[in-house]
Amino acid sequence: VRSELADSGGEAHRALSLASGEPVLMRADAVPPIANDADFTIEFWLKTTGLDEVVLSTWTGDEREAYPLELMVDASGRLRYYCGQQGQHRSLTTRTPVADGRWHHVAVVHRADQQRIVLLREGQPIDSLTQVQLPASTGPRLAIGGRVPAAPAAIDAEDVPARAFSGQLDELRFWDTDRSAAAVRATARRALPSASQPGLVQLRFEEDTPPDEVDQWPAGAQQVPSSLLLNAPLRDLAATVEEGTVHLTWEADPATTDVFVVERSMEGEPFRPVGRVRPTASG
């Protein structure tokens, strides 16, 4: 069960819109290490209809370079994760497209002791790589909405072209732990105060000025009203089964909740809505 927040009349929730062709660049030391000997989780919401576009990357596109992470929407609309050594790329992909104009939650989890990377969509593991050797560098520069710009002298025929991301991103989170699928699902639709979450660096876009972690904020990067709905917390969620029917009960603040959405997942498939319940005055 998840609750969708009602419009409180205050300032609208905002997302990052990237339509300028230039990426937002994070400071090299601003996010937890994205490296072979480090556990990390990177998660975010995206909304797009664009194809063949780079969403997040630590790569310049130079085939001679090793890189630990690139996420892009491919020509079929599916999201792909790439990592690579010189001339060799490994990838993970979603089974169905994400470029459908709706919000989707994506996460990449690296478990260093297992040399394993897992791709999650809507909090469900959908693909994985084992025996992955990421670069040992502990501080790659991270570009949001495109690739890391290469020095002009380094650009040559070996560079792989890429298109910048044209959609919206929201609630970008960088953790220094290998989060479980259950933990990702539990917090995907919750606003998290950074101060109470050790090991978390996150980008939210309600502020008028870029956060301290950002090294380059291009003029075309806009903070726009977002249709992404975050959840109000539930209390005392319980389930009982009577004659093959599951009955759910819970408590929440009805003043901040517009509707409760009941979702179901069968055998590890993505959660799908099966019902909507309006809150009662008693909560």
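Guide: Strands β2 and β17 (residues 221-225) pair in the antiparallel sense over five bridges. Strands here are DSSP E runs of at least two residues, numbered from the N terminus. Two strands pair if DSSP finds at least two bridges between them. Within this pairing, Ala15 has Val224 of β17 as its bridge partner. β2 also pairs with β14 (residues 168-175), again antiparallel, over two bridges. There, Leu16 stands opposite Leu169.

The model is predicted: local features need pLDDT of at least 70, side-chain atom pairs count only at pLDDT 80 or more, and totals for chains, interfaces and linings use all residues. Residues are numbered from 1 along each chain as its sequence is written, and side-chain values use heavy atoms, leaving out hydrogens and water.

β2 spans residues 14-18, and four of its five residues are buried, so the strand is largely enclosed by the rest of the structure. Buried means under 20% relative accessible area, exposed over 50%, partly exposed in between (1.4 Å probe, protein chains only).

Now the salt bridges. Each is a side-chain nitrogen of Lys or Arg within 4 Å of a carboxyl oxygen of Asp or Glu. The structure holds 13. In β14's residue range, 168-175, Glu171 and Arg173 meet at 3.0 Å, N to O. Both residues are buried. A network of salt bridges links Glu171, Arg173, Arg204 and Glu206.

Arg64 and Asp62 form another salt bridge, at 2.8 Å, N to O. Arg64 is partly exposed at 38%, while Asp62 is buried at 6%.
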